[in-house]
Amino acid sequence: MSCRGHSSLAFTGMLWLGVLLLVGLSLRLGHVARFVPLLVGAITLVLLTAQLVRDMLAARAPARRDASGAPPPALPGGRARRFLWVLCLPVLVFLLGFALALPLHAFVYLRGLSHERWGRALGIPLVLIGLVVGIRFLLPAVPLWQGWLWPLLSP
Amino acid sequence: MLAEVLQAAGEGLTLVFGWPNILYPVAGTLLAMTFALMPGISGITLIALALPFTFAWEPLEIMLFFGPLIGSGTFAGSITAILFNIPGSAPNAATVIDGYPLAQRGEAKTALACAAAASALGSTFGILILILLIPLLRATILLFGAPEFLMLAVWGLSTIAVLARGSLVKGLAAAGIGLLLAFVGTDPRSAEPRFTFGSLYLRDGVSTTAVFLGIFALAEIFDLVLTGRTTISDRVHPDRLTGSVRRGLASVFRHFGLFLRCSVLGTVIGMIPGIGGTVASFVAYGHATQSCRDPQATFGRGDIRGVLAPEAANDAKDGGSLVPVLALGIPGSASTALLIAALTLHGIVPGQALMTEQLPLVFVLIWALFLSNWLTSLAGLAVAQPLARLTVVPVRVLVPLLLGLTTAGAFLTRGRIADLGVAFVFGLLGLAMKRHGWPRVPFLVALVLAPLFEVNLHLTWRLQQLGRINVWTRPIAVGLLLLTLGSLLLPWVQAWHRRRRGAG
Amino acid sequence: MVAREKERVSRRSFCRHLLAAAGALALPARERAAAGSEASPCPELAPGVVRWIVPAPPGGGYDQYARLIQPFYERRLQRTIVIENISGAGTILGACRLRDARPDGRTLGLLNAGALLMGQLIRDSAAPHPIDDFTLLGRISRTPQIWATAGDSPLKTMADVVAEARRRPLVFGITEFGANNALNAAVGARLLDLRHEIVPGYQGSRGLTLAAIRGEVDVVPLTLTARIAAIEAGDLQPLLQMASEPITDHPRLAPVPCIGGAEGVAVARARATGRDLEQTRADAEALALLLNSGRLAAAPHGLPSGLTACLRRQLAAALADPACSEAATAAHLVLEFGDAPFVRADLEQALAGAERFVPWLEAARRKVRG
């Protein structure tokens with residue numbers, strides 16, 4: 001069975017479950033509120049079922065190999081780590097606020113994970129600090145998120 | 001009437017281009033351009049911030065300064081859309097679809113130049129139509145009601161069938177999911193919460209800007225990180241970039257018919273209060289794909305028409321959005337709502353009174369808008385070459401900057417931290433869709449057009465039931481319906497003709 | 001006319017505006033100056049910028065009132081006030097944000113009293129309580145409601161409306177249930193015993209105005225101040241004032257009757273249809289109170305009493321400033337200050353009287369929901 005086929009099947013399955021949930025929730029709404037969502041949901045479910053069947057058949061196909069006969073390479077560790085670190089950004093922003101999270105995240109990404117030179121590793125966070133400061137001072141009525149942690153820690 | 005209009009137009013022109021009056025639109029343009037590069041900060045934000053400082057200003061000064069704030073931000077938002085896949089605001093999302101692939105191919109200059117030209121010419125078109133319609137403003141507005149809005153939405157949604165033709169099942173399913181996502185929030189008639197899971201945050205639905213930023217910008221950033229691509233354009237030296245400003249400019253004239261049609265679309269949609277630039281740009285994009293013989297071959301992969309169409313429509317709508325303001329004192333968009341607020345605070349009531357008693361002042365606004373759109377586009381053309389070089393900057397340097405821009409933009413649109421989470425969730429969804437061959441454009445088209453479709457479907461049905469309207473006697477609605485059917489059937493008719501010719 | 005009288009902006013004027021803009025950009029410096037050097041008349045007010053939450057998008061009625069009052073209140077408090085637009089869930093989101101802020105005087109806001117009262121009536125668990133969840137500072141303005149129709153409609157008076165309702169159900173346009181105009185239409189029509197149909201789904205007062213002008217609906221319930229310009233231009237004509245006494249002395253509303261009061265339309269209809277006069281009068285009063293509850297200035301619940309009294313005093317003084325009244329008149333905005341205890345009593349009375357409307361609202365909503 002092919003890896004790519006499996007992941008496609010899983011993705012389609014996830015979408016199918018999500019739409020099924022919404023169709024189920026639609027049934028609890030009033031007639032007017034549910035009419036269009038139910039209609040659209042039902043049609044989408046039929047389409048997703050057809051796609052699910054296609055993906056199941058594709059997943060049963062033998063794994064595709066390249067010219068040398070070797071299986072497709074796994075994701076390099078460095079890229080995987082950088083990707084995971086990118087996904088941590090919203091959590092960091094929520095906890096620490098934009099002013100601290102953006103430059104800190106950038107610094108760790110550049111210096112820690114990409115082994116970038118010190119110049120760039122510090123310069124780019126400074127640019128991000130400039131961006132945050134710029135928004136803060138030029139648009140005071142547009143407050144950036146301050147961070148959830150600080151009010152807890154302040155007296 | 002015509003003589004009066006022309007005289008007022010001349011007076012307005014003299015006022016705008018006189019010294020030092022011209023400093024106001026220039027200052028407004030520079031301000032709007034600078035901030036529009038930041039996703040999430042639009043002309044609306046700037047007008048809202050400028051409002052308190054206009055208390056001491058004369059109405060003339062307000063018109064000179066606010067016109068640019070209404071119009072200038074649009075093209076500037078396209079710059080980040082083309083270079084980095086990050087739309088400056090929701091209306092720029094359609095430009096991303098073909099603009100970014102052009103940048104990836106090393107043709108960012110072409111895309112930027114085309115966008116600049118289409119913006120300037122599109123806004124000129126919209127303004128010209130506005131001026132020509134001045135004697136007929138009121139009658140024009142009243143031609144459009146729920147049936148017309150419904151048919152417009154249906155026409156826009158029909159483009160999904162064209163966009164999804166390469167993988168029809170996936171495309172239509174993606175559109176269905178986009179429609180379902182648009183239904184999250186409160187039912188517009190009964191105020192019944194739908195799919196909100198008891199959350200106050202979801203009562204207003206999911207932020208479309210957060211979804212756009214996620215499904216395009218963040219998904220691409222994730223992809224850049226995972227694939228280890230060296231630069232956006234896959235070139236490391238600026239000399240290897242193949243784009244050309246001249247080619248970009250020429251493309252508008254090469255596809256002049258498409259440009260005109262999309263400008264008309266943008267102007268008409270702009271006239272309809274509450275619809276907005278996002279719908280205009282996506283409907284125009286959809287029309288561009290419908291008017292092409294083999295859209296799957298090129299659209300979504302860097303077809304210049306995919307940049308031209310939304311840009312022309314998006315800027316043409318600015319002129320159109322002034323029509324309801326001037327005719328009835330009703331805001332055509334959020335930015336014109338603020339303009340009305342600013343004028344009202346000075347005792348100037350937009351509407352028939354303004355049109356009859358202070359027509360030159362109206363033309364000050366129109367000419368200021370015209371000037372600012374051209375200034376923005378000329379500035380864009382001037383910096384197209386240096387900006388295009390950003391596509392050879394190493395990705396590992398760009399990623400933190402792009403993440404900063406995108407996350408700030410996702411938050412700034414509504415000021416809600418949860419929008420950041422939404423953007424990242426849709427970023428992952430967008431990445432998965434890209435990896436598994438699910439088209440994202442039908443999803444977005446459906447998301448944008450769903451509210452217009454559902455609300456007006458129910459309104460049309462109800463009003464027809466009560467005998468207040470008869471859809472079949474409304475020429476615009478019927479015309480749009482026939483256009484939709486024609487667009488859907490045309491590819492099959494063409495294919496049948498080709499088979500017959502081949503057989504014969 | 002402005003453009004003819006003043007041919008060009010003077011260089012001095014432009015430079016002045018440029019400096020003002022620079023001053024605005026140097027806001028943090030202003031903050032520090034305000035915090036340190038100028039003593040506020042409210043000593044309990046913590047130093048720093050005061051946030052003023054407006055629960056609606058920029059440009060709308062709430063925003064206009066906030067921006068009108070802002071400079072005058074700033075001067076009184078000796079603090080910089082920054083307006084923060086937090087729109088969503090029909091002004092409920094902004095109200096929730098205000099409710100959840102720290103009660104230190106540095107976060108104030110405007111409330112849509114009608115929406116909060118409506119939230120209590122329809123048992124919306126997310127809607128804050130307008131009295132229990134806030135410290136009221138005063139009413140800024142009322143939100144006078146009317147019924148209006150197209151300027152060229154054959155329905156010129158309430159007599160025409162009643163006669164038409166006998167022939168066929170009147171069609172009312174509204175935005176959505178949960179909005180004030182839904183209450184206005186559903187309860188008002190029921191009170192006057194008019195056969196009616198409700199068509200929801202229009203976008204804001206502009207959508208309702210266009211619907212009326214196009215003739216899609218017979219009557220639209222509107223806030224008077226939002227569409228006074230359309231009334232003056234003849235695009236809309238007012239039919240009924242949703243109040244117990246005349247809302248305004250505007251000439252266009254002089255011949256328009258009121259729903260409430262001893263000689264109001266509600267009592268006249270009750271007499272004509274043989275219903276309980278006293279109950280009808282009480283219902284009309286309750287409806288008028290509910291619809292006219294207005295825009296309130298408030299702070300989070302639990303504000304210290306000394307600070308509360310000071311903020312209230314300064315707000316009253318700001319609104320009483322002749323310059324503020326002049327600016328309001330020029331902007332077609334009507335300031336109508338009500339002090340906090342009076343406002344509180346009004347709200348309590350409105351809530352008590354409006355309990356009778358709950359089943360009517362539910363019935364109307366069920367009809368639309370299907």
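**Entry 1: C:Leu136**

I began with C:Leu136, which counts as buried because 25 C-beta neighbours lie inside 10 Å. The model I am reading is a predicted one. I located C:Leu136 in strand β4 of chain C, residues 134-141. I then listed its contacts, leaving aside neighbours within four places in sequence: C:Leu296, C:Ala298, C:Ala340, C:Val343 and C:Arg344. I also looked up C:Gly109, which is 27 residues from C:Leu136 in sequence and 9.9 Å from it in space, C-alpha to C-alpha.

**Entry 2: chain C and helix α6(C)**

For chain C I counted 16 helices and 11 strands. The chain has 370 residues, and 53% of them are buried. I took the contacts between residues at least 6 apart in sequence and found that 74% of them join residues at least 24 apart.

Next I went to α6(C), which spans residues 113-121. How many of the 9 residues of α6(C) are buried? I get 8, so the helix is largely enclosed by the rest of the structure. The buried ones are C:Ala113, C:Gly114, C:Ala115, C:Leu116, C:Leu117, C:Met118, C:Gly119 and C:Leu121.

After α6(C) comes C:Arg123, with a positive phi. I note that most residues other than glycine have a negative phi. The phi of C:Arg123 is about 60°, and the residue is not a glycine. I placed C:Arg123 in the loop between α6 and β4 of chain C. Is C:Arg123 buried or exposed? I find it exposed, because 9 other C-beta atoms lie within 10 Å and the cut-off for exposed is 12 or fewer.

B:Asn85 has a positive phi of about 70° and is not a glycine. I found B:Asn85 in the loop between α5 (73-84) and α6 (93-104) of chain B. B:Asn85 counts as buried because it has 27 C-beta neighbours inside 10 Å.

I also looked at the peptide bond from B:Trp19 to B:Pro20, which is cis, with omega near 0°. B:Pro20 sits in the loop between α1 (2-17) and α2 (23-36) of chain B.

**Entry 3: helix α13(B)**

I tested the length of α13(B), residues 256-271. At 1.5 Å a residue its 16 residues should span 22 Å, and the end C-alpha atoms are 23 Å apart, so the two agree. I then listed the buried residues of this helix: B:Leu258, B:Phe259, B:Cys262, B:Ser263, B:Leu265, B:Gly266, B:Thr267, B:Val268, B:Ile269, B:Gly270 and B:Met271. What do the buried residues of α13(B) pack against? I find α7, α8 (137-142), α12 (245-254), α14 (276-290) and α16 (305-328) of chain B.

**Entry 4: the largest nonpolar core**

I looked up the largest nonpolar core and found 325 residues in it. The residues with the most contacts inside this core are B:Ile82, B:Val364 and B:Leu449. Its largest share is 16 residues, from helix α7 (residues 108-133) of chain B.

For chain A I counted 7 helices and 0 strands. Of its 155 residues, 28% count as buried. Among contacts between residues at least 6 apart in sequence, 63% join residues at least 24 apart.

I then turned to α2(A), residues 31-59, which packs with α10(B), residues 168-182, at an angle of about 145°. The axes of these two helices are 9 Å apart, and the crossing is left-handed. On the chain A side I listed A:Pro37, A:Val40, A:Gly41, A:Ile43, A:Thr44, A:Leu47, A:Leu48, A:Ala50 and A:Gln51. On the chain B side I listed B:Val169, B:Lys170, B:Leu172, B:Ala173, B:Gly176, B:Ile177, B:Leu179 and B:Leu180.

Last, I looked up B:Leu401, which lies in α20(B), residues 395-412. With 18 other C-beta atoms within 10 Å, B:Leu401 is partly exposed. Leaving aside neighbours within four places in sequence, I find B:Leu401 in contact with A:Ile124 and A:Val127.

Note on methods:
Residues numbered from 1 in each chain as written. Chains lettered and ligands numbered in written order. Predicted model: local features only at pLDDT ≥ 70, side-chain atom pairs only at ≥ 80, totals over all residues. Axes fitted to C-alpha atoms, helices over the stretch in contact; angles between N-to-C directions. Helix = DSSP H or I, 4+ residues; strand = E, 2+ residues; numbered from the N terminus. Left-handed = near helix turned anticlockwise from the far one by under 90°. Contact = placed C-beta atoms within 7 Å. Core = buried A, V, L, I, M, F, W, Y, C linked by C-beta atoms within 7 Å. Buried ≥ 20, exposed ≤ 12 C-beta atoms within 10 Å, placed from the backbone. Expected span 1.5 Å × (residues − 1).
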